[in-house]
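Subject: Structure for you to look at

Hello,

Here is the structure I promised to hand over. Please open it and keep it in view while you read my notes below.

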Amino acid sequence: WFPNLTRKLNYRDHRKLCVIDGSIGFLGGINVSDEYVNSLNDSFWRDIHLRLEGNVVKSIHAHFLLNWNFVTGSKEISIAEDYFPKVKDCGEIAMQIVASGPDSDSPHIMRALFTAINQARESILITTPYFIPNEPMLVALKSAAARGVDIQLMCPRDGDSWAAKYATHSYFRDILASGIRIFHYCKGMLHAKTMLIDGQLCSVGTSNFDYRSFEINFEINALIYNEDFTQKMQQHFEKDKQDCEEVLLDRWLERPLKEKIKESFSRLWAPLL
């Protein structure tokens, strides 16, 4: 009845995953939509998705089946061994799949990222289309900055949601003052959801850095414990910075009053966005 509201309803399945023959898995930020095909649109979308093989695919497949059975009820799939073929050759990269949602006892993804931020000693690099952190995550980031960790946040200058954009901006003055650097991606819509810790740990998945992803949506992230892979992701981050403008505190404080009013209004709705 209200198609424009479906993306904001509770119990939203925000996962973007695909499993082929139980042996190949895809996971990341890309939805199945023509608007993600840059050659078909005037606007530009920047996203990150993973193609995975090995035992990690079994975990992705299990989460799909559990999610299916949670939402279908009487149309449950009988989970059989045929869905999980034996892996002949498996790589050496250590990975962990973390999922959370209304069927979880706790916000697993938020806790995983919270732990990683608290253990960071050198750097934290975050890309997210929406930065609307809850209080524990905000305190964790500001505490990391206070102990000298280099924290850089990248988010789109012009997002696809008016309210989410201004809610995100409402946090900028506070985190800029704490020493966290912010980069506005100007080439188009930055939709990637990643976090890199100390050049050694990388998170890629569907979870935005916001209330809804941490506490309400069905989400799924891959944690990759590999220095080489994380360094490659860091190279992508640095390359994307070429299409960014850094947000500086002194200039941000001079933004028009009407922008501040929009931010204050949107901040009130932050937990619902």
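How many bridges join strand E9 to strand E15? There are 4, and the two strands run antiparallel. One of the bridge partners is Glu245 in E15, which pairs with His184. Strands pair here if DSSP finds at least two bridges between them. Strands (E, at least two residues) and helices (H or I, at least four) are DSSP runs, numbered from the N terminus.

Before going on, note that this is a predicted model: local features need pLDDT of at least 70, side-chain atom pairs count only at pLDDT 80 or more, and totals for chains, interfaces and linings use all residues. Residues are numbered from 1 along each chain as its sequence is written, and side-chain values use heavy atoms, with hydrogens and water left out.

Back to E9, residues 181-185. Strand E8 (residues 150-156) pairs with E9 too, in the parallel sense, over 5 bridges. Pro156 has Tyr185 of E9 as its bridge partner. E9 is mostly covered, with 4 of its 5 residues buried. Buried means under 20% relative accessible area, exposed means over 50%, and partly exposed is in between (1.4 Å probe, protein chains only).

Next, the salt bridges. A salt bridge is a side-chain nitrogen of Lys or Arg within 4 Å of a carboxyl oxygen of Asp or Glu. The whole structure has 9 of them. Here are some to find:

- Lys142 and Asp174: their closest N and O atoms are 3.0 Å apart. Lys142 sits in helix H3 (residues 135-146) and Asp174 in helix H5 (residues 172-177), so this pair ties together parts that are 32 residues apart in sequence. Lys142 is partly exposed at 28%, and Asp174 is partly exposed at 35%.
- Lys241 and Glu238: the N to O distance is 3.4 Å. Lys241 counts as buried at 19%, whereas Glu238 is partly exposed at 36%.
- Arg255 and Glu263: the closest N and O atoms are 2.8 Å apart. Arg255 is buried at 15%. Glu263 is buried at 4%.
- Arg157, Asp158 and Lys165: salt bridges link these residues in a network.

Last, where does Leu268 lie? Leu268 is in helix H9 (residues 257-268). Leu268 is exposed, at 68% relative accessible area.

Best wishes
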